[in-house]
Amino acid sequence: MDILARMAHAPRASMIVIGDELLDGHTQDTNSGWTAGWLAERGVPLDRIVTVPDECAAIGEALEAEMARGHPRLVLTSGGIGSTPDDLTMAAVANHLGMALTAEPTLDARISQWVQRAEQEGMPIPEDQQRAMRKMAQVPGGAYLLEGARGVTPGVAIDLDGGIGADGVTLVILPGVPSELERIVEDGVAGLLTEVADLPHVAELRHPYPESALSPLFAELVDDHPDVKVGSYPGKECVVRMKGPEAAVTAAMRRVRERLAVLDDDAVAQRMRERWQARWE
């Protein structure tokens, strides 16, 4: 399989962030940024981050859009899987996939142990509260528990059309609490990507010129190295970042350095640099 074919076949990801509190501005979403960086380090591009309210219809709409994108694909959700009435993610996923909600045995047993321990310690949990807690063990049929899902915090995955390892979709349902999400991703999601992710080579440099000074070269690099992703980020020191196969990234970055050397010897370019630097001061 050649480079372009491998790129087309490589897994990609989508993330659906769920919660009224995020859209109301009461809580800041940090999960998507952390997850984006974690996936990028493993060579899995994140195509979309979508934030939706705690509504079954909205969650289903987002699932339909993200699961329809190119395969193989990892679709992650975060939030909405607690014990309160507005925690609707599990039910929304089950409804969208036409699956029944069932008690996940490990989670259900952990809740039972929690209830028994509380009673032994003289703090019996009322039955209505126990019923609410049991909701956290209800997962779509076919879902399996991920490593890192400690206690009663659910973190589960569902393989569709064979899952991400077979050109299908793996849907991962994660909690919204950042520390719990990060642990489950590190311990459980990492295992899903072991055989399918292709870690790219990353190179970066900084330069003192306006971003536009290198724009014509970037256009050439896109044509000459289609397997390299070129990013440019303006600032007092502009950042050029490239990702892709090591040999191609090295060749493309060499051309950037050569162009910068030409600019360093050009009087007009030096005046342009001085003006750019003054702008930031």
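Here is a quick tour of this protein, from its overall build down to a handful of residues. The model is a predicted one.

**Overall build**

- Along its principal axes, the C-alpha atoms of the protein fill a box of roughly 80 × 50 × 35 Å.
- Of the 281 residues in the protein, 41% are buried.
- Take the contacts with a separation of 6 or more, and 71% of them come from residues 24 or more positions apart.
- The protein has an accessible surface of about 14,500 Å², and carbon and sulfur atoms own 50% of that.

**The aromatic pair**

- There is one aromatic pair in the structure, made by Trp276 and Trp280.
- How is a pair like this described? A pair of aromatic rings gets described by the distance of the centres and the angle of the planes.
- For Trp276 and Trp280, that works out at 5.7 Å centre to centre and 70 degrees between the planes. The pair counts as edge-to-face because planes over 60 degrees apart fall in that class.
- Both residues belong to helix α11 (residues 267-280), and being four residues apart there puts about one helical turn between Trp276 and Trp280.
- Trp276 has 10% relative accessibility, so this residue counts as buried.
- Trp280 comes in at 41% relative accessibility, so this one counts as partly exposed.

- As background, most residues other than glycine have a negative phi, and most peptide bonds are trans.
- Where is the cis peptide bond? It joins His71 and Pro72, with omega at about 0 degrees.
- Pro72 is placed in the loop between α4 (56-67) and β3 (73-78).
- Asp161 is not a glycine, but has a positive phi of about 55 degrees. This residue lies in the loop between β7 (156-160) and β8 (169-174), and is exposed, with a relative accessible area of 65%.
- Asp167 is another non-glycine with a positive phi, here about 65 degrees. Its place is in the loop between β7 and β8, where Asp167 is partly exposed with a relative accessible area of 39%.

- Met242 is found in strand β11 (residues 238-244).
- Is Met242 buried or exposed? Met242 has a relative accessible area of 0%, so it is buried.
- Leaving aside neighbours within four places in sequence, Met242 touches a list of residues that includes His201, Val202, Ala203, Leu221, Val228, Lys229 and Val230. Val249, Ala252, Met253 and Val256 are also among the contacts of Met242.
- Met242 and Ala103 are 139 residues apart in sequence, and their C-alpha atoms are 46 Å apart in space.

**Buried residues in loops**

- His225 lies in the loop between α9 (215-224) and β10 (229-233). With a relative accessible area of 15%, His225 is buried.
- Which residues does His225 contact, leaving aside its neighbours within four places in sequence? They are Ala248, Ala251, Ala252 and Arg255.
- Ala213 lies in the loop between β9 (201-207) and α9, and is buried, with a relative accessible area of 17%.
- Leaving aside neighbours within four places in sequence, Ala213 is in contact with Leu263 and Met272. Ala213 and Ala269 are 56 residues apart in sequence and 8.5 Å apart in space, C-alpha to C-alpha.
- Pro11 is placed in the loop between α1 (3-9) and β1 (12-18), and at 3% relative accessibility Pro11 counts as buried.
- The C-alpha atoms of Pro11 and Leu101 are separated by 28 Å, with the two residues 90 apart along the chain.

Note on methods:
Residues are numbered from 1 along each chain as its sequence is written. This is a predicted model: local features need pLDDT of at least 70, side-chain atom pairs count only at pLDDT 80 or more; totals for chains, interfaces and linings use all residues. Side-chain values use heavy atoms; hydrogens and water are left out. Rings of Phe, Tyr and Trp (its six-membered ring) pair if their centres lie within 6.5 Å; planes under 30 degrees apart count as stacked, over 60 as edge-to-face and the rest as tilted. Helices (H or I, at least four residues) and strands (E, at least two) are DSSP runs, numbered from the N terminus. Buried means under 20% relative accessible area, exposed over 50%, partly exposed in between (1.4 Å probe, protein chains only). Contact means heavy atoms within 4.5 Å. Accessible areas come from the Shrake-Rupley method with a 1.4 Å probe; for residues, only the protein chains shown count as cover.
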